[in-house]
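Biologist: Please pick a single part of this model and describe it closely, along with the chain around it.

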Amino acid sequence: QLQLVESGGGLVQPGGSLRLSCAASGATLANYAIGWFRQAPGKEREGISCISNGGGRTNYADSVKGRFTISRDNGKNTVYLQMNSLKPEDTAVYYCAATKWLSRCTVGGMEYWGKGTLVTVSS
């Protein structure tokens, strides 16, 4: 089955940047739409961005629009989330997840999840 592993999290100052990676194994990532989600302590998990299997369609939550960019390199079986202009409220565990259809790219609709990577934005 598909396995997903996130990497790239860490501590960054407000206004800084990080690039998260979601590496897939066990299956071809190009067969799946991929979403990035995050969960802060005491809050529900929320969707922040999704990308179609071929990369032609993307969407973003209003909270990250203009600051985050999702992309994929199917040849490397990897999806990325470039995060710029980071804010303290971006602090959360970030997860990538996979589903067969972009229309199912919701918290409740994903089939496979990674274990998450922690992003901390603090001065």
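Modeller: Contact here means heavy atoms within 4.5 Å. Among contacts between residues at least 6 apart in sequence, 58% join residues at least 24 apart. This is a predicted model, in which local features need pLDDT of at least 70 and side-chain atom pairs count only at pLDDT 80 or more, while totals for chains, interfaces and linings use all residues. Residues are numbered from 1 along each chain as its sequence is written, and side-chain values use heavy atoms, leaving out hydrogens and water.

The chain has 11 strands and zero helices (DSSP runs numbered from the N terminus: E, at least two residues, for strands; H or I, at least four, for helices). Its radius of gyration, taken over C-alpha atoms, is 13 Å, close to the 14 Å that the globule rule (2.2 Å times the number of residues to the power 0.38) gives for 123 residues, so the chain is as compact as a globular protein of that length. Along the principal axes, the C-alpha atoms fill a box of roughly 40 × 25 × 25 Å. Of the 123 residues, 43% are buried (under 20% relative accessible area, 1.4 Å probe, protein chains only).

The part I pick is strand β9, residues 92-99, where seven of the eight residues are buried. Strands count as paired if DSSP finds at least two bridges between them. With β4 (residues 33-39), β9 forms seven bridges in the antiparallel sense; there Ala-97 is the bridge partner of Gly-35. Strand β11 (residues 117-121) also pairs with β9 in the antiparallel sense, over three bridges, and Tyr-94 has Thr-117 as its partner in β11. The antiparallel pairing of β9 with β10 (residues 112-113) spans two bridges, with Tyr-112 of β10 partnering Ala-98.

Terms used. Buried means under 20% relative accessible area, exposed over 50%, partly exposed in between (1.4 Å probe, protein chains only).
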